[in-house]
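Have a look at it first, and then we'll go through the parts together.

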Amino acid sequence: MQTLFSALWLSSAMVVGVSAQTLSSPLPPGTPPPASSADGSALPHGQGAGVHSPLSPFAPLPKRTDVVAWSTLTDITTRVEKKRIVPVYPAPVAALNQKTLRLQGFMMPLEPGENQRHFLLASVPLTCGFCTPGGPESMVEVRTKTPVKYKLEAVVVEGTFHVLNNDPYGLYYRITNAVGVP
């Protein structure tokens, strides 16, 4: 875990440089409160896709037709089952399980070093070394065949996609045997 926090802090330090960082809410002004679930309780924090801040020094993801859209992956609901929050995947998301596909996103390193074999791919860039940019529906764990060079700009990976039903770390998605795509 120390490595994760060190890597995230390092990523944050590279993003903000030595200048002061201004923090703000991840939700745009005027956003209504979260909807209630079927049992009347509010949805847990972290639900919904990460929001790309207009103050971000990084451009949002460019449109590509050869990748799965984050809007597809984040279009899920959750339910409470045995005191755990579990994802409920709609048919289009469940159909992606075990398929070879491409994803585009921003790297969140889990280990130090320039070349990464295990990282999180997020729908928005990391802006704080201690915060995740969205909930588990807006991140995918990536395990690669060959290392992918870390960069702050968006990357594309291709590999076997897994829709996770009971991950011990609370992840919803994983892609394995991935390779970097130009």
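Is Arg102 buried, partly exposed or exposed? Arg102 is partly exposed, with a relative accessible area of 25%. Keep in mind that this is a predicted model.

The chain averages a pLDDT of 78, and 72% of the residues score at least 70. Residues 1–27 stay under 50, although the model has 31 contacts beyond four places in sequence for them. The pLDDT is also below 50 over residues 33–48, a stretch with 18 contacts beyond near neighbours in sequence.

**The barrel**

In the order β3-β4-β5-β7-β6, 5 strands close into a barrel, and the pairing is mixed. On average, neighbouring strands of this sheet are turned by 50 degrees against each other, direction ignored.

β3 and β4 form a hairpin with 5 residues between them, and Gly113 in the turn has a positive phi of about 120 degrees. These two strands pair in the antiparallel sense over 4 bridges, and Met108 has Leu120 in β4 as its bridge partner. On to the next pair: β4 and β5 run antiparallel and are joined by 7 bridges, with Gln116 standing opposite Val148 in β5. β6 and β7 pair in the antiparallel sense over 7 bridges, and here Val163 stands opposite Tyr173 in β7.

Why is β4 largely enclosed by the rest of the structure? Because 6 of the 8 residues of β4 are buried.

**What's packed inside**

The largest nonpolar core has 24 residues, and those with the most contacts inside it are Leu73, Leu103, Leu121, Val140, Val157, Phe161 and Tyr173. The elements giving two or more residues to this core are α2 (70–73), β3 (100–109), β4 (115–122), β5 (139–149), β6 and β7. β6 supplies the largest share, 4 residues.

Leaving aside neighbours within four places in sequence, Val140 is in contact with residues including Trp70, Leu73, Leu103, Phe119, Phe161 and Ile175. There's also a second, separate core of 8 residues, which includes Met108, Leu120, Leu126 and Leu171.

**Charged pairs**

A search of the whole structure finds 8 salt bridges. Here are three of them, with the N to O distance for each.

| Asp66 | Arg102 | 2.8 Å |

Glu141 in strand β5 and Arg174 in strand β7 are 33 residues apart, so to speak a link between distant parts of the chain. Glu141 is buried, with a relative accessible area of 6%.

Salt bridges that share partners join Arg64, Asp66, Arg102 and Glu158 into one network.

Where does Asp167 lie? Asp167 sits in the loop between β6 (155–163) and β7 (173–181). Asp167 is buried, with a relative accessible area of 8%. Setting aside neighbours within four places in sequence, Asp167 is in contact with Arg84 and Arg174.

Key: Residues are numbered from 1 along each chain as its sequence is written. This is a predicted model: local features need pLDDT of at least 70, side-chain atom pairs count only at pLDDT 80 or more; totals for chains, interfaces and linings use all residues. Side-chain values use heavy atoms; hydrogens and water are left out. Buried means under 20% relative accessible area, exposed over 50%, partly exposed in between (1.4 Å probe, protein chains only). Contact means heavy atoms within 4.5 Å. A nonpolar core is a set of buried Ala, Val, Leu, Ile, Met, Phe, Trp, Tyr and Cys residues joined through side-chain atoms within 4.5 Å. Two strands pair if DSSP finds at least two bridges between them. Axes are lines fitted to C-alpha atoms, for helices over the stretch in contact, and angles run from 0 to 180 degrees between N-to-C directions. pLDDT is the predictor's confidence in each residue, from 0 to 100. A salt bridge is a side-chain nitrogen of Lys or Arg within 4 Å of a carboxyl oxygen of Asp or Glu.
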